[in-house]
Amino acid sequence: MIKAEIKDEELQEHIKHLIKDEMAVFVMADGRIRGALFHGTRFINQLRAQHNLGILETMMLGQASLCGALMIPMMKGQEHITLHYDVDGPAQGFSVEADSKGTVRGYLYNEHIPVEKPIENWNLKPFLGSGTMTVSILHKEDKEPFTSTVQVDSGNIAEDLAWYYKQSEQISTAFNTSIQMDKKGRVTGAGAMFLQIMPETGGTKITGSAKSSSADTKADEELLSRAEMAFKTCPSLGQWFSEKGNFEDLIYGLFREFNPSIALKRNITYDCPCNEDFYLNYIRSLPKDQLEDIRKNGPDPLEVICRNCGSVYSIPVSKI
């Protein structure tokens, strides 16, 4: 990827004073609940610079990419996940890819979403409409990805992803994404969080008993209810990080009754493996008549744009 420069000096100065972009993975409630909190202010600004996006487009692809980042700690081994969102609204949808190495990339199907009237809030429903969310999971040893599709109609990407996990994985999961913009439309903070209730065999029973009982079921229901309540009281993550908030104060404060513990922190970046050699080899594989036409009629240099990251490669015909 050719890394685009963020040229806004005032924005750069603001970002310089924020904590590092990274993800904190945590567990709580004796292992019954796992979660992750991601600070992604630089992540979203890089995404925006790569695709040269407007405010609405940044909000949409930004939220989708934050969701992609949150799927990384749930990967098993070396995995690659693609999230396709195909809808009937003017945005048309998006594609986001994430892998276990900690990288995310993606693009909007329509990077110039038509807006007929001033936007009063960040309800994306009028621009997304309804359609399908398809998740494709590819393990290192797989020849073909495992693919699952669900219907979506909420206009809220985080809620739609939670619906996917409930329908396809049968796991209760909650997602929260947030992007804070200032009056000039600059992204001053961005963050995302997920909580996931693990099956009873994945952690310690609430009662400590080896046998299931109605008391166990009631304790589980109470646990879920309390965790859901705590999750809903989470402040705006975009604002939290834009005001120099940190991981520890939020996780240990918000979920203190569940005895949370941060297991690890890891880097998550907006990046793409594309490079000039990849596209040069692709061009060389074109039919001979097409290659001859390029050599005779140009253009020279050839301009190739990576749709996943917006990188522009100018390839001289002499290299072909």
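In the predicted model, residues Leu11, Ile15 and Lys16 of helix α1 are in contact with Thr41, Arg42 and Asn45 of helix α2. Sorted by class, this contact comprises 2 nonpolar, 2 polar and 2 charged residues. Two packed helices are described by the angle between their axes and the distance between the axes. For α1, which spans residues 9-16, and α2, which spans residues 41-51, the axes come within 11 Å and cross at roughly 155°. Since angles over 145 degrees count as roughly antiparallel, α1 and α2 are therefore roughly antiparallel to each other, and their crossing is left-handed.

The count of salt bridges in the model comes to 12. In one of these, the side chains of arginine 186 and aspartate 8 meet with an N to O distance of 3.4 Å. Arginine 186 is placed in the loop between β8 (173-181) and β9 (187-197), whereas aspartate 8 belongs to the segment before α1, so the pair ties together parts that are 178 residues apart in sequence. Arginine 186 counts as buried, because its relative accessibility is 14%, below the cut-off of 20%, while aspartate 8, at 27% relative accessibility, counts as partly exposed. Arginine 186 also forms a salt bridge with aspartate 182, for which the closest N and O atoms are 2.8 Å apart; aspartate 182 is partly exposed, with a relative accessible area of 24%. These residues belong to a network of salt bridges that links Asp8, Glu10, Asp182 and Arg186.

A further salt bridge is formed by the side chains of aspartate 153 and lysine 125, with an N to O distance of 2.5 Å. This pair links distant parts of the chain, with aspartate 153 in the loop between β7 (146-152) and α5 (157-169) and lysine 125 in helix α4 (residues 125-128), 28 residues apart. Lysine 125 counts as partly exposed, its relative accessibility being 26%.

Glutamine 63 is located in helix α3, which covers residues 55-70, and is buried, with a relative accessible area of 11%. When residues up to four places away in sequence are not counted, glutamine 63 touches Thr58, Leu124, Ile157, Thr177 and Ile179.

Attention then turns to backbone geometry in the loops. In the loop between α10 (288-297) and β12 (302-305), where proline 299 lies, a cis peptide bond with omega of about 5° joins glycine 298 and proline 299. Proline 299 is exposed, with a relative accessible area of 52%, and its C-alpha atom is separated by 9.8 Å from that of isoleucine 315, which is 16 residues apart from proline 299 along the chain. Proline 301 likewise lies in the loop between α10 and β12, and the peptide bond from aspartate 300 to proline 301 is cis, with omega near 5°.

Positive phi values are found in residues other than glycine, including lysine 244, for which phi is near 70°. Lysine 244 lies in the loop between α7 (237-242) and α8 (247-254) and is exposed, with a relative accessible area of 55%. Asparagine 259, which is not a glycine, has a positive phi of about 50°; this residue is situated in the loop between α8 and β10 (261-266) and is exposed, with a relative accessible area of 63%.

Conventions: Residues numbered from 1 in each chain as written. Predicted model: local features only at pLDDT ≥ 70, side-chain atom pairs only at ≥ 80, totals over all residues. Heavy atoms only, no water. Axes fitted to C-alpha atoms, helices over the stretch in contact; angles between N-to-C directions. Helix = DSSP H or I, 4+ residues; strand = E, 2+ residues; numbered from the N terminus. Parallel < 35°, antiparallel > 145°, perpendicular 65-115°, else oblique. Left-handed = near helix turned anticlockwise from the far one by under 90°. Contact = heavy atoms within 4.5 Å. Nonpolar A, V, L, I, M, F, W, Y, C, P; charged D, E, K, R; others polar. Salt bridge = Lys/Arg side-chain N within 4 Å of Asp/Glu carboxyl O. Buried < 20%, exposed > 50% of the residue type's maximum accessible area, 1.4 Å probe, protein only.
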